[in-house]
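Let's learn to read a structure together, one feature at a time. Have the picture ready and ask as we go.

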Amino acid sequence: MSTLFQQLVNGLTVGGIYALIALGYTMVYGILKLINFAHGDLCVLGAFIGLTVITSLGGASGSPEIWVVGLAFVAAIIAICCAGVVLEFAAYRPLRNAHRLSAVVSALGASMMIENGIMLIWSPQTLVFPQGVLPQISWHVGGVVITFTQLMIIVISLILMASLYLYVNHTRFGTAIRASAIDQDAARLMGINVNRVIVSVFILGPALGAIGGLFIGLYYRQAVFDMGWTYGLNAFIAAIIGGIGNIPGAMLGGLLLGLFNALAGGYISSTWQQAITFGLLIAILLVRPTGILGERVAEKV
Amino acid sequence: MHKKLAATLAACSLAIAPVTAMASGTVTFGVQAPITGKYANEGQGIEKAVKLLAKQQNADGGLIGKTIKVRVCDDEGKATQAALCARRLSNAGVFAVIGSYTSGAASAAQPVYARANIIQTSDGTADKLTQRGFKTFFRNAPPNSAEAKFTGNYLVNVRHFKRIAVVSDHSSFAKGLGDAVEKAIKANGGNVLTRAYIKSGSQDFTSVLTSLKSKHPDVIYFSGYYSDGGLLRAQEKQLGMDVPFVGGDANQNVAFAKIAGKAAKGTIIINVPAPENLPYKAAKQFISAYKKAYGSAPPSIYTLTNADGMRVIMKAVQETNSLDPNTVENYLHNKIQKFPGITGPISFSKNGERIGSAFQAFEIQADGSYKTIYPKQ
Amino acid sequence: MKEQIYRWAGPSLWVLGLGVPFALSANWISILALFAIYAVVALSQDIVLGRAGMFDMGHAVYFGVGAYTTAILNVTYGWPIFWTMIPAIIAAALVGGILAAPLVKLRGDYLLVATIGVSQIFHLAMVNNTAGVTGGPDGIFGVGVPSIFGHQLISQGNEYLVDWGLLGIVLLLMKNLEHSRLGRVFRYLKEDELAATTLGVNARYYKILAFALGAGIAGAAGTLFASQLAVVSPGAFVFTESVTLFAIVLVGGQASIPGVLLGTVLMFVVPQVFRELAQYRYFAFGIGMIVVMVVRPQGIWPRRRRMG
C-alpha cells in the first residue's frame, strides 16, 4: 500500500510540473489554434537562466540563500516572458492569417533555434544545480517519503493554477481572454483588443512555463539543452488529455498524466511505459477527441 | 547497359580512390562525431581531443614529417548522417577517422571506410562492430562483453549478491550492456531478480524505483549513462532505499557525483580507471594538457579512448614510417603490443578488438573522488 | 510557350540528373542519392498531408516499416534486395492503412497528435526488439546491395542511379495522380469534406487509401535506404524525422511537386553543404525556417492555381 501512495506522491509532483507547462500550450491553442512547439524549449530556457542566477550569486560551493532562489525565479520569469512576446511578434503574428500549418512550421523552427541556442550558450553538457539550494528536509509518513522540494512543487503549482483559474474566470481581462478563445471576430466587435489578449497569453504561458522549467531543474538538480522536447511533448499530451484550449483541463490533464505515468511505469511495464502513455493518448482521442473537460465545439477548418 | 554500368563503376572507383595528400606534406585525420544533438557533449569532446593531439604532434615536428590536418564531420549520432559523413571524409582524402561515438553511427560508416581503405577507430561498444570482418576498424574502448564478464563475476562471486535488479535505458549501448551483464550474472550462477527500464533523460525514475523497492533487491545494477545514473541514485536515496548501487562504465563522469549530491557516496562504478585516477603517465599529461587548452576536463572516458585510438594509429605510422593503410593496419593488428595508452595498455585482436583492458570496481567517496575496491591493490 | 517550358522543365532536369555520377564528386553523388530517397518519402508525405489534407506527423514510420522489412528479409532470409521491395511496399501500405482505419476519423490537430503517438510507439517497438526480429537499439547490420543480372550495384554511382530511377517513377506517379480522378477526390476532401461527402464520396475510404498509398511509396524508399546505408536502426525513423518530412512539405509548398522537391533540397541538402559550421548549423536553420514561413507562408513554390 505504501508503494501505491509513494507512486501517487511522485506522480503528483511531476504532474504539477506538466500542468504548469501544459497551461502555456492550452492558452495559446485556445486563442490561436496553434500548437506552439517552441513552448517546451522556452521552459528549459527558463531553467538555464535560473541556474545561471543561482550559480553566479550563490557561490560555487556554499548553499545559496533563499532570496537567491527567489531572484532566480524572477529572472527566469521576466526573461521567458520577453522571449515569449518576441516569439509571438516575430514568428507567429505575421502568420496569423496564413494556413494554420505555416505557423506550426514556424514554431518548429523556433523550437530548433532555442534548443540549439541553449547549446551554444551553455554548452551541450548536462549542467548540475548545486545541492542545498532548497532545504534538504523530507518527511516519512507511514513508509511514504515526501521531500520539501516535492511538497513545494505540488503546493506552488496548485496555488498558481488556482490563481490563474480565478483570474481567467473572475476578472474583466480574463473574460476578454475567454471571449477571444471562443470567437475572435465577435470579441473584436465587442471592443476587445484581441492583439492585447494574445500578447497577454504569450506572457502568462511562458511565465508559468519558466516556473515549471525551474522546478524541473530544482527537483532533478540538472538541466540539459535538449530536454525541451520530452517535457514539451508530455505537457502537450496533458493539455490534450484534459481538452486542449481548456484551462482547467490542462491542470487536470497534467496531474492525471503524472499519476498515470507513475502507475504505468511502476505497475505495468517500465519497458513499455512510453508506449502505454501514447496508447492511452490515442485511445482518449478516439473515444473523446475533445479531451476530458473539452466541450464539443464546431470544427474550425 | 553493362557497358554503362562498367563505366559508372570505373568513374566511381576513381572518385573514391583516396586522393593521396602525401605529396603536399600534410596528412589528414578525420573526426566523425556527434557535434550537435543529444550526444553533442561527447562528440565535441572527441573533436577537441583529436585537435589537441594534432596540435601537439605538429609542434613536435609532425607525423613522420608531415603536418596533421583535422577535418570534422558532424554525424549527429544518426546513421543517415554518418553514412554521408563517411563519404565526405573519404572524399576529402583522410588517412584515418576517429569516431564515431555511437555504435549505430559507427556501423553505418564502417563499410564506406572499409571500401576506401581508411582506418577507423571508434569507441562504439556494440559487440557486432568487430564481427563484420572489416580490417580497417579498430575499437578503442573495451566491448560490452568484456565489461559484462567482469561485472557478472564481481556481483555474484565477489559481493555475493543474491537478488540483483538490472536497470537499463533504451539506448543501443545501455541495453546491450544490460543484456550482457544479465547473461554474465546467470553464467556465474547468480539470480537476476528483475529487469527494468528507464527512459533516458526523462528525469523521473521514482516510479521504477518505487516498484523496485517493493521487490526488495539487494543491489541495483545500472547500465546506462551518468546523467540518468546520478539521478537514479539520488532518487533511490530520496525514497529511503538503502541498497547498494553499481553503475556501468558510462556512469563514470565527474557529473555523476554532482548530480547525485550526498547520495553519491558509496556508489560503485565499474570501468577502466577514471581519467583522474588513471595511473598512467600518458593520462596525467594528456588530461592536464586538455584542461589547459579548453578550461575543462574531458567529458568522459570516451574522449580518452578515442584519443588513444588516434595515438595508437600515429604510433603505428611512426613505427612503420609509412602512410600506406595496409601496412599500418597490419602493424596495428599484429605488432602493437601493450602500447602505453591514456586508458591503459593497448593491443588489438585480429578483428580489431581492443584486448587486455583492466576493469576495476571503484567506490565514490564523500568528496566525490574514486577509490578502487576491486581488485585489491 | 510558357506552358511548354513548364511541361518539359521537369523531365529534362530528371534526365540531366542521370549524368550526376559522371559529372560530380563522390560527395555529391552520395548526398544526391539520399536526396532522391528523401524526396520520394517527402512526395509520399505530400499525398497524405498536402493533397488529402490530413495532418500526418508520423510519416517516418512507414519509411521505417519498409526499411525494416527489407533488412529482415535480406539479412535473415537472404532475399535479394529488389525482391524485398514488393513486400516492403505491401507491409508499409498495410501498416498505413490499418493504422489509418481508426485514426482518419480524427480531424486536424487531433490526427496530428495521434500520429505523433504512433511514431513514438513504433520507435519503442523497434528498440525493444519486438518479436526478436528488429535487432533492438543496434538495429540490423549488413544489409546487402541490389543486383541486376547478377551484377552487384555496389558503387555509389549505381546506387544513385537506382535511387534516381525510383524518384523518376514516383514523379510520374505523382504527375498522374494530379490529373486523375483519385487526385481530384483527395483535393475535394481537403478543401471541403462535407461537400465531397454530399456528392457521394466515401470520405473514410479515400482517406485510408491516401494513407496506404503514401505509406506504400515511403516503404519503397525504405528498401533503397536500408540497402544504401547497409544498416537499419531505430534512430533513423524517430519522431524528429517525421517532423522534418512534415516541414519539407510546408516549406516547399503543399501539393506542389517542384515545391516538395525544393523543400527537400532546403531541409536536407542545404544542411549537408553547411556541415563545416557544425554546431551553429541548426541554430541558423531554425531561424531560416521561421523566416521562410513568414516571407512565404504558402511555401517557396506553392501550387499553381488553375484558372476556371
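This is a predicted model: local features need pLDDT of at least 70, side-chain atom pairs count only at pLDDT 80 or more; totals for chains, interfaces and linings use all residues.

Q: How do I check the length of helix α11 of chain B?
A: Compare an expected span with the distance between the end C-alpha atoms. For residues 301–320 of chain B, 20 residues at 1.5 Å a residue should span 28 Å; the ends are 29 Å apart, so the two agree.

Q: Is α11(B) mostly covered or mostly open?
A: Here we count buried residues, meaning those with 20 or more other C-beta atoms within 10 Å of their own. α11(B) is mostly covered, with 16 of its 20 residues buried.

Q: At what angle do helices α3 and α7 of chain C pack?
A: Look at the angle and the spacing of the axes. Helix α3 (residues 26–51) and helix α7 (residues 156–179) of chain C pack at about 25°, with axes 9 Å apart. That angle makes α3(C) roughly parallel to α7(C), and their crossing is left-handed.

Q: Which residues make that contact?
A: Among them are Ala33(C) and Leu43(C) of α3(C), and Trp164(C) and Met174(C) of α7(C). By class, the contact residues are 15 nonpolar, 3 polar and 2 charged.

Q: How many residues does the contact take from chain C and from chain A?
A: Count each side separately: 29 residues come from chain C and 32 from chain A. On the side of chain C that touches chain A, α13(C) gives the most, with 9 residues. That side has 21 nonpolar, 6 polar and 2 charged residues.

Key
Residues are numbered from 1 along each chain as its sequence is written. Chains are lettered from A and ligands numbered from 1 in the order in which they are written. Axes are lines fitted to C-alpha atoms, for helices over the stretch in contact, and angles run from 0 to 180 degrees between N-to-C directions. Helices (H or I, at least four residues) and strands (E, at least two) are DSSP runs, numbered from the N terminus. Angles under 35 degrees count as roughly parallel, over 145 as roughly antiparallel, 65 to 115 as roughly perpendicular and the rest as oblique. A crossing is left-handed if the near helix is turned anticlockwise from the far one by less than a right angle, and right-handed if clockwise. Two residues are in contact if their C-beta atoms, placed from the backbone, lie within 7 Å. Ala, Val, Leu, Ile, Met, Phe, Trp, Tyr, Cys and Pro count as nonpolar, Asp, Glu, Lys and Arg as charged, and the others, Gly among them, as polar. The expected span of a helix is 1.5 Å times one less than its number of residues. A residue is buried if 20 or more other C-beta atoms lie within 10 Å of its own, exposed if 12 or fewer, and partly exposed in between; C-beta atoms are placed from the backbone.
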